[in-house]
Amino acid sequence: MITWKEVEQIGNRLYQENTGSSTPVSCEDISRIVYYKDVFECGSTVVVSRHIDIEFSYGEYFEVCEGTPLFEYIGTLCNLSLSQEEKETMVIYQK
């Protein structure tokens, strides 16, 4: 789990990357941050999709896709291992 200070940093980066503004998002609204690894099989092909959902107290969420700067930032904060053996779901933050 991450600290409240790190949640604030994630909220600030989320807002900056998606609006181009330096005004922070209200971190009070962030209720959970969850890492997901989805595995899809289509015949002999296996596709792995990783993303992080930032869930808000008012029912909305924002999906942070793998390969984006925010995904990399959160991954570094949490020491996420992107190996095939990792957990499929991990709660990074919860109020």
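Buried residues have under 20% relative accessible area, exposed residues over 50%, and partly exposed residues lie in between (1.4 Å probe, protein chains only). The model is predicted, so local features need pLDDT of at least 70 and side-chain atom pairs count only at pLDDT 80 or more, while totals for chains, interfaces and linings use all residues. Residues are numbered from 1 along each chain as its sequence is written, and side-chain values use heavy atoms, with hydrogens and water left out.

Rings of Phe, Tyr and Trp (its six-membered ring) pair if their centres lie within 6.5 Å; planes under 30 degrees apart are stacked, over 60 edge-to-face, and the rest tilted. Trp 4 and Tyr 93 form a tilted pair, at 6.2 Å centre to centre and 45° between the planes. Trp 4 belongs to helix α1 (residues 4-19) and Tyr 93 to strand β4 (residues 89-94), so the pair ties together parts 89 residues apart in sequence. Helices (H or I, at least four residues) and strands (E, at least two) are DSSP runs, numbered from the N terminus. Trp 4 is partly exposed at 31%. Tyr 93 is buried at 9%.

The rings of Phe 56 and Tyr 58 are stacked, because their centres are 5.4 Å apart and their planes at 10°. Phe 56 is buried at 10%, whereas Tyr 58 is exposed at 52%.

Strands β2 (residues 45-56) and β3 (residues 61-65) pair in the antiparallel sense over five bridges; pairing requires at least two DSSP bridges. Ile 54 has Phe 62 in β3 as its bridge partner. Four residues separate the strands of this hairpin, where Gly 59 takes a positive phi near 100°.
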